Amino acid sequence: MSISTKTGDNGQTNLWSGERIAKNSPRVEAYGSIDELNSSLAEAKHLAKSDKIKQLLIEIQNDLFRVTGALASHGDFKYPITDADVERITSYVHDFEKEVPLTGFVIPGSTWPSAKLDTCRTIARRAERRTLSLAEKEEVPIPVIKYINRLSDLLYMMARFEEKIENKLTFKIW
């Protein structure tokens with residue numbers, strides 16, 4: 001079976017839950033932004049110097065399939081993002097904060113890996129905005145919204161960690 005089904009030629013797509021909707025709907029915008037983030041994380045994974053970061057990126061990519069599934073479904077998704085997932089990545093943020101004390105505003109992108117992680121962070125923020133726009137019109141599971149919000153915090157700290165290990169963490173001088 002080909003991936004080119006021609007069923008989207010009229011500007012519609014199938015949701016995971018089976019319904020057909022417009023490809024430019026807020027729901028498709030939301031999960032499309034998550035898909036873009038997942039692809040960008042793949043590049044970050046190849047640039048990362050730290051094995052710890054590489055492993056976390058794989059974990060996040062796996063989580064994002066569940067985020068996408070929830071956003072691409074009306075109703076309950078079989079593999080939901082839960083509060084435990086939110087707590088798990090929140091704990092990673094706290095762990096990185098212990099390893100990389102921040103004393104001011106950071107100038108992003110002092111290394112190639114951190115620059116890519118910062119780009120991923122901004123894509124995550126856009127995905128969050130798209131998801132919140134969807135949530136104004138349709139139900140979105142609260143843990144999904146929390147996960148996307150927390151993910152941008154985690155990506156920020158992962159970028160700072162990559163800078164720290166190369167001794168290139170740069171603070172804005174006022």
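Predicted model: local features only at pLDDT ≥ 70, side-chain atom pairs only at ≥ 80, totals over all residues.
Residues are numbered from 1 along each chain as its sequence is written, and side-chain values use heavy atoms, with hydrogens and water left out. Local features need pLDDT of at least 70 and side-chain atom pairs count only at pLDDT 80 or more, while totals for chains, interfaces and linings use all residues.

**Helix H1**

Helices (H or I, at least four residues) and strands (E, at least two) are DSSP runs, numbered from the N terminus. H1 has 22 residues and reaches 32 Å from its first C-alpha to its last, close to the 32 Å expected at 1.5 Å a residue; the expected span is 1.5 Å times one less than the number of residues. Residues of H1 that are buried include Val28, Tyr31, Ile34, Leu37 and Leu41, where buried means under 20% relative accessible area, exposed over 50% and partly exposed in between (1.4 Å probe, protein chains only). The buried residues of H1 pack against strand E1 (12-14), strand E2 (20-22), H2, helix H4 (112-135) and helix H5 (142-165), with contact meaning heavy atoms within 4.5 Å.

**Helix pairs**

Two packed helices are described by the angle between their axes and the distance between the axes. Axes are lines fitted to C-alpha atoms, for helices over the stretch in contact, and angles run from 0 to 180 degrees between N-to-C directions.

| Pair | Angle | Axis distance |
|---|---|---|
| H1 and H4 | about 170° | 8 Å apart |
| H2 and H5 | roughly 160° | within 12 Å |

The angle makes H1 roughly antiparallel to H4, and H2 and H5 are likewise roughly antiparallel to each other; the term applies to angles over 145 degrees. The contact between H2 and H5 includes Leu56, Ile60 and Leu64 of H2 and Ile148, Leu151 and Phe161 of H5.

**Ser50**

Ser50 sits in the loop between helix H1 (26-47) and helix H2 (51-71). Ser50 is buried, with a relative accessible area of 9%. Leaving aside residues up to four places away in sequence, Ser50 touches Phe161, Glu162 and Ile165. A polar atom of the Ser50 side chain lies 3.1 Å from the backbone nitrogen of Lys52.

**Asn167**

Asn167 lies in the segment after H5. Asn167 is exposed, with a relative accessible area of 72%. Its phi is near 55°, a positive value in a residue other than glycine.

Methods: Polar contact = N/O pair within 3.5 Å; in protein donor to acceptor, adjacent residues only side chain to side chain. Parallel < 35°, antiparallel > 145°, perpendicular 65-115°, else oblique.
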